[in-house]
Amino acid sequence: MSALVCVARIGAAHGVRGAVKLWTFTEDPFAIKRYGPLSSKDGKRQFEVAQAREAKDHLVATFKGVTTRDEAERLNGIELYVARGKLPATDADEYYHTDLIGLAAVTTGGEQLGRVLAIHNFGAGDIIEIAPLKGPTMLLPFTNAVVPEVDLEGGRVVIALPQEVEGEDDSDTPSASRPREGGDP
């Protein structure tokens, strides 16, 4: 079976005629209409977008067969998936998250770090989450400086671990509770 890619998430009902708020995860929000029927993660439910219009930060959409607010409310929170093969090819240095998850993560020196768990974006750029061989997961910026190579065919990403920021030596830092020479406490 082809890998499934999450392309949207259904939100709250909008109005009384079965419309919902729809958050898309595609470059072109209206691309979800071109993929044909979308499915729930388990594949048991199919959804076909009948109409969609742009709203502030989402789409307002209706699905075929959903005509009332009650029906729309029951869809809230459902993630919509499409087969990976239906998505367009990516440009150089562009990747679908699903293609990266599970890849081996190695250092620039060839040492095994672990596996790619996820790609996140909390608003300030993509973050790659690595599950190391031991210890807590690592969250690193997914930039060309930190991830200089993605080798999909070889099944790995190369990580240039950033140098830790060195803190100031405590003995060189003035303390608020310690008076300075020649000054008042």
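# Checking the labels

User: Where is Thr62 found?

Analyst: Thr62 is found in strand β6, which covers residues 59-63. The model is predicted.

User: Why is Thr62 called buried?

Analyst: Thr62 has a relative accessible area of 18%. Buried means under 20%. The value of 18% is under that cut-off, so Thr62 is buried.

User: Which residues does Thr62 touch, leaving out those up to four places away in sequence?

Analyst: Thr62 touches Gly18, Ala19, Glu48, Val49, Ala50 and Gln51. A contact needs heavy atoms within 4.5 Å.

User: What makes Glu48 and Lys64 a salt bridge?

Analyst: Their N to O distance is 3.1 Å. The cut-off is within 4 Å, for a Lys or Arg nitrogen and an Asp or Glu carboxyl oxygen.

User: Why is Lys64 called exposed?

Analyst: Lys64 reaches 53% relative accessibility. Exposed means over 50%, so Lys64 qualifies.

User: And why is Glu48 called partly exposed?

Analyst: Glu48 stands at 34%.

User: How many salt bridges does the structure hold?

Analyst: It holds six salt bridges. One of the pairs is Asp28 with Arg34, at 3.1 Å. Elsewhere, Glu149, Asp151 and Arg156 are linked in a network of salt bridges.

User: Is Arg34 buried or exposed?

Analyst: Arg34 has 59% relative accessibility. This is over 50%, so Arg34 counts as exposed. Asp28, its salt-bridge partner, is partly exposed at 32%.

User: What makes the phi of Asp93 worth a remark?

Analyst: Phi of Asp93 is near 65°, a positive value in a residue other than glycine. Most residues other than glycine have a negative phi. Asp93 lies in the loop between β7 (79-83) and α2 (97-100).

User: Why is Asp93 called exposed?

Analyst: Asp93 shows 59% relative accessibility. The cut-off is over 50%, so the label holds.

User: Which residues form the negative surface patch with Asp93?

Analyst: The patch is formed by Glu27, Asp91, Asp93 and Glu94. Asp and Glu count as negative, so the patch is called negative.

User: Why is Gly43 called partly exposed?

Analyst: Gly43 stands at 38% relative accessibility, between 20% and 50%, so partly exposed is the label. Gly43 lies in the loop between β3 (38-39) and β4 (46-47).

User: What share of the protein counts as buried?

Analyst: Of the 185 residues, 31% count as buried. The protein has two helices and 13 strands.

Notes
Residues are numbered from 1 along each chain as its sequence is written. This is a predicted model: local features need pLDDT of at least 70, side-chain atom pairs count only at pLDDT 80 or more; totals for chains, interfaces and linings use all residues. Side-chain values use heavy atoms; hydrogens and water are left out. Helices (H or I, at least four residues) and strands (E, at least two) are DSSP runs, numbered from the N terminus. Buried means under 20% relative accessible area, exposed over 50%, partly exposed in between (1.4 Å probe, protein chains only). Patches are made of residues with over 30% relative accessible area and no salt bridge: like charges are joined within 9 Å, nonpolar side chains (Val, Leu, Ile, Met, Phe, Trp, Tyr) within 5 Å. Accessible areas come from the Shrake-Rupley method with a 1.4 Å probe; for residues, only the protein chains shown count as cover. A salt bridge is a side-chain nitrogen of Lys or Arg within 4 Å of a carboxyl oxygen of Asp or Glu. The place of a charge is taken as NZ of Lys, CZ of Arg, CG of Asp or CD of Glu.
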